[in-house]
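User: I've got this one open on my screen and would like to go through it with you. Could you start with the helices and then move on to whatever else stands out?

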Amino acid sequence: MWRDLLPVGRATTGGYRRYAWTDADAECRAWFREQAENRNLIYEEDRNGNQWAWTAPGADAIVIGSHLDSVPDGGAYDGPLGVVSSFAALDLLRERGADPARPLGIVNFADEEGARFNVACVGSRLSAGVLTPDQARALKDAEGVFLGDAMERAGFDPAGIGPDPQRLGRIGAFVELHVEQGRDLVHRDRAVGVASAIWPHGRWRFDFRGEANHAGTTRLEDRHDPMLTYANTVLAARKKAHVSGALATFGKVDARPGAANAIASEVRGWLDSRAADEPTLDELVAEIIRAATERGDRDGVDVQVTRESFTPVVEFEGSLRDRIAKQLGGAPILPTGAGHDAGILSARVPTAMLFVRNPTGVSHSPAESAEMVDCLTGVTALADVVTDLMSEDLG
């Protein structure tokens, strides 16, 4: 499975560009369906583009899985490891002769990374009712293509997107396996860990509007340069995040008209910010916005800020988390600053996460990695967790 999936969406950088509703995404989706059909699973594609594979129809199912899309030039493991491991765990359960007491489902959530439309976890957010159909249809990519149009071009009807309580109501518990996005397990010398919580996090779009002019003839004192305001905001975000013990990242910027010999008329930057608690995050973002507007006033640049997505703190269900950690021989329990579909679903169904050791600690980069022995340990752990959860009530 791993060898078959590795070439899909591979860029010349060595990373991956598997953006939602593109050809690379279509190949990944075809791969998922093939894996489901090869195992005689019941294949479904829900109204929001999420893919499901079930051992049997029915309620109180145990569901495992993750996503297959990527950030620009992302690594091979973030998302795909969870999907590949889920199919492998099912294979292992069948080799053991397991007779599941309830249905088992495997899922590939659509557009988890939000790399194309700038909102993460679109598939799970729509299903959980966190993102409304109108909000989703208003999303558009850098080329001006709306989400609904992109879905339609990929052969999917966007007319029915929206909450999916009936399908989510079939889930008794959801467990997502994911490569660790840090080195905590390396330091603990453990191959597998269990998530305790996800930091609150969100994305904010900053629009800096100035005045286009000639780079060679416009005096510095006569300029209304939005790039200058943007650059100062980036530096302020770094400083204020450091002081508050939180995280703030401007990782994407778009300057218009984009000429090397012209002052920009508009600069658009996206802030990703995360903190251990919501008050800290709220205050941090407010301080960054204040810094941007104050500098904008000095530069003659208008600053507008739009919150594009937000996920509150997620405390994974304690009894389920502790049960899984015990089942895995006292696996370490780790917090994470990264968002996941499991975090979105946690408000609707009991959820948990497993992490597999990442030797580099690097994520969202081609340097992201995991040793095969640890991946196989993760598969075994996932199969053991499913077996345990199948054995009795989850209460």
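Analyst: H9 and H10 are roughly antiparallel to each other, a label that here covers angles over 145 degrees, while those under 35 count as roughly parallel, 65 to 115 as roughly perpendicular and the rest as oblique. This is a predicted model, in which local features need pLDDT of at least 70 and side-chain atom pairs count only at pLDDT 80 or more, whereas totals for chains, interfaces and linings use all residues. Residues are numbered from 1 along each chain as its sequence is written, and side-chain values use heavy atoms, with hydrogens and water left out.

User: At what angle do H9 and H10 cross?

Analyst: The axes of helix H9 (residues 226-244) and helix H10 (residues 278-299) cross at roughly 150° and come within 9 Å, and the crossing is right-handed. Axes are lines fitted to C-alpha atoms, for helices over the stretch in contact, and angles run from 0 to 180 degrees between N-to-C directions. A crossing is right-handed if the near helix is turned clockwise from the far one by less than a right angle, and left-handed if anticlockwise. Helices (H or I, at least four residues) and strands (E, at least two) are DSSP runs, numbered from the N terminus.

User: And which residues of H9 and H10 meet?

Analyst: On the H9 side they include Leu228, Ala236 and Lys240, and on the H10 side Leu284, Glu287 and Arg295 are among them, where contact means heavy atoms within 4.5 Å. By class, the contact of H9 with H10 has eight nonpolar, six polar and four charged residues. Ala, Val, Leu, Ile, Met, Phe, Trp, Tyr, Cys and Pro count as nonpolar, Asp, Glu, Lys and Arg as charged, and the others, Gly among them, as polar.

User: OK, what about H3 and H13, how do they cross?

Analyst: The axes of helix H3 (residues 80-95) and H13 cross at roughly 60° and come within 8 Å, and the two helices are therefore oblique to each other. H3 passes H13 in a right-handed crossing. The residues that meet include Leu81, Ala88 and Leu92 in H3 and Val379, Leu382 and Val386 in H13, and by class this contact has 10 nonpolar, four polar and no charged residues.

User: Switching topic, what volume does the second largest pocket have?

Analyst: The volume of the second largest pocket is about 600 Å³, a volume being the space filled by probe spheres set on grid points, which are joined across faces, edges and corners. On a 1 Å grid over the protein atoms alone, a pocket is an open set of points where a 1.4 Å probe fits, with protein on both sides within 12 Å along at least five of seven lines, and lining residues have an atom within 4 Å of a point. Of the 25 lining residues, Phe117, Asn118, Leu139, Arg205 and Glu308 are the closest to the centre of this pocket.

User: Which strand gives the most to that lining?

Analyst: E12 does, with five residues, and strand E9 (247-256), strand E11 (266-274) and strand E12 (302-311) each supply at least two. The lining of this pocket divides into 10 nonpolar, five polar and 10 charged residues.
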